[in-house]
Amino acid sequence: LIPLLLCVVAKHPEGRVRDKLLNILFNLIKRPDKKQRQVIMSACVAIAKLMGSSQVECELLPQIWEEITHKHYERRLLVAESCGVLSPYMPAELRSSLMLSMLRQMLCEDKAESVRQAVVRSLGVIVAFTHDEDKFKEFWELLLRALSDPSRLVVSSAYTALLPALAAWAAEQDSLHSNLLSYFLHQMLNCVKQVARSDGESGAVEQCLHQIATLTHLIPWHYVTFLYSNPDADPQSPDPTLQHEVSFPKAASPLLDVRVIVGDEGRLQACVEAFERAVAAEAFTPWKCLDWFSKEYLTKVVKVSVALGFSQLELVHSLALLLSTYCSYLGHTFTHKVIIPFFEKSLSLPKHNTAVALADGHTQITTPVLPIYIAGVLACFAKDEKMLVEYLRSITVELALSFAPLDSIKAAVLELKREKRFHQLILNMLQQLAGHPSFQVRSYTALLYGSVVSGVDDKLLKTCVVPQLKKLASDSDMNVRINTIPSFGTIMEAVTNKDVLVRVHEQFEQLVANEACYSDHRVLMALVSTLARIGPNSDPVFRDEFIIPRLAQVAIENDNAINETRRRDVASALLDAYKNISESFISLELLTSYMLPGLHGLLKDMQAVDRDRVPTVQQLIRNCQSKVDEYRFQKNTSASVESVDSKSSKFLSKLMPNFETSPSKLKWSLKKKSFPLSP
């Protein structure tokens, strides 16, 4: 039918008839699916080729316009897709006026995410055919709207279709860095500040992730501008003797593939080789585009990292991924000549009062800049692994000897741990540090073991983690022994291997068997705080056999503490532990034997040292008591039912001594009976 309609529309001389036939074409199927829409759009393209631009404007576009508010989203989807496929056949002024107006309306008003997604894709096509620089601002506003759309499908289409189209346009105008990149860098910094002000509110974090993702998607286009702006770039085919395979990270879409962007493999290789030669030269001087990258782009990334803090490790990971992607494109030589020196300078320590500056956290080494540099730059190339481990080891020693915060090293280890190839390297480094002559280095090492536990395979846990921790747990220095407690706790929380759990459970039993566990306030606080943290998620056997009984023991003994400050500290840690563990399933025996006695002991502590928290403890006691009452009620109810059943059976056996009452025997007894039918 469609080919017939096409022939008639193309040949019929009367506009009124052609109008009716086009109306039939668009209303041929009430709710066209994807395949049917493709057939209709192919017909529209064929008609546009036959009619010419003037007739398309007068006859075809009105049919499309009528469908823009149709009640069925499939018809509106047809409109959005048709705008994209028809744009090459439209007059330039019509494309950037009427068609753009239609798509803007649908993007802003349509409730169906599939329609808005198609709108974004069509906008990307229209951008490719638009050369009026005055329209750039309109498309830019539509891009920002699409990137902030609540639908992930729409945002994804903006990343893979509309953003590359505008990036190409900006690159043609030599304004990619001044327009797109500068804007999103500024937005990223503002978003990170908003995350800090909102204390990690999910909406602010999500917005920040969007900004970083946008910058990541722009990297292929930014890289191509590096190649094209090279003063020594040769657009001709490369020398065959120098030719080598060019590889890049996997592109998110064809429009973000460097090969597609450049368009010619030979030209791409020539540009890459010219770039590599220029960077490798001893007299290398960054040209304008590269200079902006090192002075503006990387500087802004550092500012963002400093403002970030360690509360949002997901953002740290995204920034590390951003830098890693840049390094993968720009290559090993550029990374070592430009990026690494930049970060070494940013992370350099002051020449005077170094220890004081580190301890106070007044250097960038104690900020997220360090993990982003280590995971995003040093970890990018396999050939740099030795350099990476040595740098991480030296920084850890420097921070430990200065009694500086350990957060940046922990974040770096967590980032590296995402890739399995770094597990053995990290553990080898920690093993070296575990034998360091400084007790403070060994103490920091004990804490770092807790950061590598989750995600490491059972073999490494058995051979590298647990043995080294047990060795540190018997260290001559008390601080080292204390810092093994949180790491052992993390194992009980994150590991499922039974052999490992049994070994660590034994280690905790040895700890509490030592008199120092209760006499040394630091040991006791480390133990209670660890049990409070891991209680809800720890191994159930460990929770029932160790955590709950030990908390009760500490709570009861804390009543006799003489030092009021220490008594308050332990009571506060105990309250956190009981609040965390009270939501877990706890048996009647544990409730009556340990939970309630421990809570009553804690109540005495709070009445003596912190009366403001007495109501909280009383509520916990009421909750536990209600669970006990519920258990006992269920037990009594069950016993009553069993008693009634037993009495009923005895009554029946006395009433009908020959009647067998078990289900199987009852069925057999009925079968043995024969009831004669009446004639």
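Is S87 buried or exposed? In this predicted model, S87 is buried, because its relative accessible area is 0%, and a residue counts as buried under 20%. S87 is placed in the loop between α5 (73–86) and α6 (92–109). Apart from neighbours within four places in sequence, the contacts of S87 are R95, M99, V125, I126 and F129. The C-alpha atoms of S87 and V45 lie 9.6 Å apart in space, while the two residues are 42 residues apart in sequence.

The protein contains 32 helices and 0 strands. Of its 679 residues, 49% count as buried. Among contacts between residues at least 6 apart in sequence, 72% join residues at least 24 apart.

The mean pLDDT of the protein is 85, and 87% of the residues reach 70 or more. Over residues 658–679, pLDDT stays under 50, and the model has 6 contacts beyond four places in sequence for this stretch. Where pLDDT is low, the predicted coordinates should not be read in detail.

**L215 in helix α11**

L215 belongs to helix α11 (residues 202–217). With a relative accessible area of 0%, L215 is buried. Setting aside neighbours within four places in sequence, L215 contacts L181, F184, L185, M188, Y297 and L322. L215 is also 33 residues from S182 in sequence, with a C-alpha to C-alpha distance of 9.8 Å in space.

Helix α12 is largely enclosed by the rest of the structure, because 9 of its 11 residues are buried. These buried residues are I219, P220, W221, H222, Y223, V224, T225, F226 and L227.

Two packed helices are described by the angle between their axes and the distance between the axes. Helix α12 (residues 219–229) packs with helix α14 (residues 265–280) at an angle of about 75°, and the axes are 9 Å apart. The two helices are therefore roughly perpendicular, since angles of 65 to 115 degrees fall in that class. On the α12 side the contact is made by Y223, F226, L227 and Y228, and on the α14 side by R267, L268, C271, V272 and F275. The residues of this contact comprise 8 nonpolar, no polar and 1 charged.

**Aromatic pairs and cluster**

The count of aromatic pairs comes to 25. A pair of aromatic rings is described by the distance of the centres and the angle of the planes.

| Pair | Centre-to-centre distance | Angle between planes | Class |
|---|---|---|---|
| F343 and Y373 | 5.2 Å | 15° | stacked |
| F542 and F546 | 5.0 Å | 10° | stacked |

The pair of F343 and Y373 is stacked because its planes are at 15°, and planes under 30 degrees apart count as stacked. This pair links distant parts of the chain: F343 is in helix α16 (residues 313–346) and Y373 is in helix α18 (residues 369–378), 30 residues apart. Both F343 and Y373 are buried.

The pair of F542 and F546 is also stacked. Both of its residues lie in helix α28 (residues 540–558), where F542 and F546 are 4 residues apart, about one turn of the helix. F542 and F546 are both buried.

One aromatic cluster is formed by Y223, F226, F248, F275, F284, W287, W292, F293, Y297, Y326, Y329 and F334. Y297, another member of the cluster, is among the residues in contact with L215.

D174 is exposed, because its relative accessible area is 57%, and the exposed class begins over 50%.

F403 is likewise a residue other than glycine with a positive phi, here near 55°. F403 is located in the loop between α19 (385–401) and α20 (407–416).

Definitions and conventions:
Residues numbered from 1 in each chain as written. Predicted model: local features only at pLDDT ≥ 70, side-chain atom pairs only at ≥ 80, totals over all residues. Heavy atoms only, no water. pLDDT = per-residue confidence, 0-100. Contact = heavy atoms within 4.5 Å. Buried < 20%, exposed > 50% of the residue type's maximum accessible area, 1.4 Å probe, protein only. Axes fitted to C-alpha atoms, helices over the stretch in contact; angles between N-to-C directions. Parallel < 35°, antiparallel > 145°, perpendicular 65-115°, else oblique. Nonpolar A, V, L, I, M, F, W, Y, C, P; charged D, E, K, R; others polar. Phe/Tyr/Trp six-rings, centres within 6.5 Å; stacked < 30°, edge-to-face > 60°.
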